[in-house]
Amino acid sequence: MTIPFIPCQGAPVTVPSLASSLSDCVSAAAARLGMADLAPQIRRSEHADFQSDGVLAAARARRRNPREIAAEVVARLSADGRVAAAQVAGPGFVNLDLTDGALLAQLTDRLTDPRLGVGTPEAGVTTVVDYSQPNIAKEMHVGHLRSTIIGDALVRVLEHLGGTVVRRNHIGDWGTQFGMLIQHQVEHPEPTAPQDAGTMRRLATLYRRARADFDADPAFADRARRRVVALQAGDPATVAAWRDIVAESTRYFTEVYDRLGVRLTDADSVGESAYNTALPGLADELERRRVAVTSDGALCVFFDDLRGPDGEPTPLIVRKSDGGFGYAATDLAALRQRVGELHADRLLYVVDARQARHFRMVFDTARRAGWLPPTVPAVHVAFGTVLGPDGRPFKTRAGDTVRLVDLLTEAVDRARDVVAAKNPELAGEALDERARQVGTGAVKYADLANNRVRDYTYDPQRMLALTGNTGVYLQYAHARVRSILARAEGVEATVDPTVGLEPAERALILDLDAFADTLAEVAAGYEPHRLCGYLYRLAQTFTTFYERCPVLRTTGTRRGNRLALCRLTGDTLRTGLHLLGIDAPEQL
RNA sequence: GCGCCCGUAGCUCAGCGGAUAGAGCAGGGGACUUCUAAUCCCAAGGCCGCAGGUUCGAAUCCUGCCGGGCGCGCCA
């Protein structure tokens, strides 16, 4: 068989993993024993290729000796030729070894499928993912970085699994702060800083000065409040000024997304202001359905188990006592629209963990109002705070939040130094591009690699050390594979299923085979760090293979098999990195 | 006060019902005429916060403590 040239016919092929095939085998054997309820629980093992742990639980339910049952299961495993050995071990594990031929066949199957055998379990499912959520006229900071990167990775994985994904960037483009911004701009028309697209300097300066005047000058604060009224009333000049500010910010956000390699565009931005006209009706409906009640002049939704320090119930405030609407109202309006008009089957909100209570209240309210059917899950995909090296929330020395662009610039600059040192012939634009790929990859990987709900310690030293468990390690492993494949040009990567495998080759195939299952886990728990862990393990397994199994210096069918291994490793690493939003250059 | 999250190697973190708890970094010892050494190999490093409970089996599930973070009416 010749590997990369077999055309794909019809629907994408799904290659069941060896683990799931074994699970079916054990289930079938158990069924023959009249134990259809036995859950095989196949997992990798140090003592064999795989182990099945399900017999122990089944034995408990029957009050029988687990080793006896395990022996019966082993005796009834159908001999499909793929299982080389099945043995009872320990208290009642079933150890399973596969033949080299079975592993090589699996390698072939994944390699001949352009999707590497990954199925499309998300087909027909529409997910709305809400992420990034920057605020107009404000800098993006590290908190936005987390939301943006995690959200982008989840979007990519869900789409890769065949799902329909609607990205929603719920931008903060409405609120009382626009009164002071516009009013300040009107009173000080001279530009405070150049309005170049690459920076937020003008708006940031405007924001700072407007805020200072607002706090220090009651007369200005009063004019700013009147400006808010004018904005809400639709005064043309004020609305035009607002639009300009929004547009200036949006250009900046788009530039940041481009630098990050995040696929968020203008079309994905639906700001809070988009729901303005829906809010009064929404409030009325909540009131009519008796979901919300008036308390101290505000329209509130209460919850039995949510109380404040004084023991009084804590409300979700849908409409403030002054008649205005806050973000609870816009979140509800957005949710209703996503289910009702976008027909979402699932809602994800990639937002800071501190908002947990807010989302509980919003989801609960929406359920009560009938806007969120029981069949549609709404999930707060929470993430922890970004901490500095001191264990406190990450701030600059001056105590300001760290600008996202500064962080990226630092990462890319340091990556450029390292790339240039290792690869002196690289220069100019090529070097800049490589530095961007490595630097942003390092930032993203460092963020995605740990469990998202934990607070996350941002440590540029570690992240940009470019060694160890980092994005660069994965990029490097990928580049080494590509290097071999490039040198092997003209040599066919053919799989000969009759050639015996060395331990490092077996380990590599077993790891490669777990890719699709890993993606399913990522999607099931919205946990990109599982993909990072998988890819890192794969890269380590590959480097062990790389050290022990010469590819190009081997000849004959063994070389073909190893080239096939390299190809599938390279494709898996590249695909996995892409799903994390990280580039996989051919060379470093 | 109540609620949510987190306590695993010196540091940063995986593992979340299965056999002897794993990585990376730091520190110790080795390996470059080599398909990219941005790498690999070896050794060392643990009352998995504490105490009970459930289970054939607990870092993992339950309860209670201790320690840390966050949240709790008109900001988002």
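This is a predicted model: local features need pLDDT of at least 70, side-chain atom pairs count only at pLDDT 80 or more; totals for chains, interfaces and linings use all residues.
Residues are numbered from 1 along each chain as its sequence is written, chains are lettered from A and ligands numbered from 1 in the order in which they are written, and side-chain values use heavy atoms, with hydrogens and water left out.

Trainee: How many helices and strands are there in chain A?

Mentor: Helices (H or I, at least four residues) and strands (E, at least two) are taken as DSSP runs, numbered from the N terminus. The C-alpha trace that carries them spans about 85 × 65 × 50 Å along its principal axes. The count for chain A is 20 helices and 13 strands.

Trainee: What percentage of the residues of chain A count as buried?

Mentor: Buried means under 20% relative accessible area, exposed over 50%, and partly exposed in between, with a 1.4 Å probe and protein chains only. Chain A has 588 residues. The buried share is 51%.

Trainee: Among contacts in chain A between residues at least 6 apart in sequence, what percentage join residues at least 24 apart?

Mentor: Contact means heavy atoms within 4.5 Å. For pairs at least 6 apart in chain A, the share that joins residues at least 24 apart is 74%.

Trainee: Why does the pair of phenylalanine 394 and tyrosine 458 count as tilted?

Mentor: Rings of Phe, Tyr and Trp (its six-membered ring) pair if their centres lie within 6.5 Å; planes under 30 degrees apart count as stacked, over 60 as edge-to-face and the rest as tilted. The structure holds ten aromatic pairs. In the pair of phenylalanine 394 and tyrosine 458, the centres are 4.8 Å apart, and the class is tilted because the planes stand at 35°.

Trainee: How many residues apart in sequence are the parts that this pair ties together?

Mentor: Phenylalanine 394 belongs to the loop between β12 (386-387) and α13 (404-422), whereas tyrosine 458 belongs to the loop between β13 (456-457) and α15 (460-463). Both phenylalanine 394 and tyrosine 458 are buried. The pair therefore links parts whose separation in sequence is 64 residues.

Trainee: Which helix holds both phenylalanine 542 and phenylalanine 545?

Mentor: These two residues form a tilted aromatic pair, at 5.7 Å centre to centre and 45° between the planes. Phenylalanine 542 is buried at a relative accessible area of 0%, and phenylalanine 545 is likewise buried at 0%. They are three residues apart, so about one helical turn separates them in helix α19 (residues 528-548).

Trainee: Is glycine 468 buried or partly exposed?

Mentor: Glycine 468 is placed in the loop between α15 and α16 (471-487). Leaving out residues up to four places away in sequence, glycine 468 touches Tyr473 and Tyr536. Its relative accessibility is 31%, so glycine 468 counts as partly exposed.

Trainee: What is the relative accessible area of threonine 518?

Mentor: Threonine 518 lies in helix α18 (residues 515-525). Beyond its neighbours within four places in sequence, threonine 518 is in contact with Arg530, Leu531 and Tyr534. Threonine 518 is buried, and its relative accessible area is 8%.
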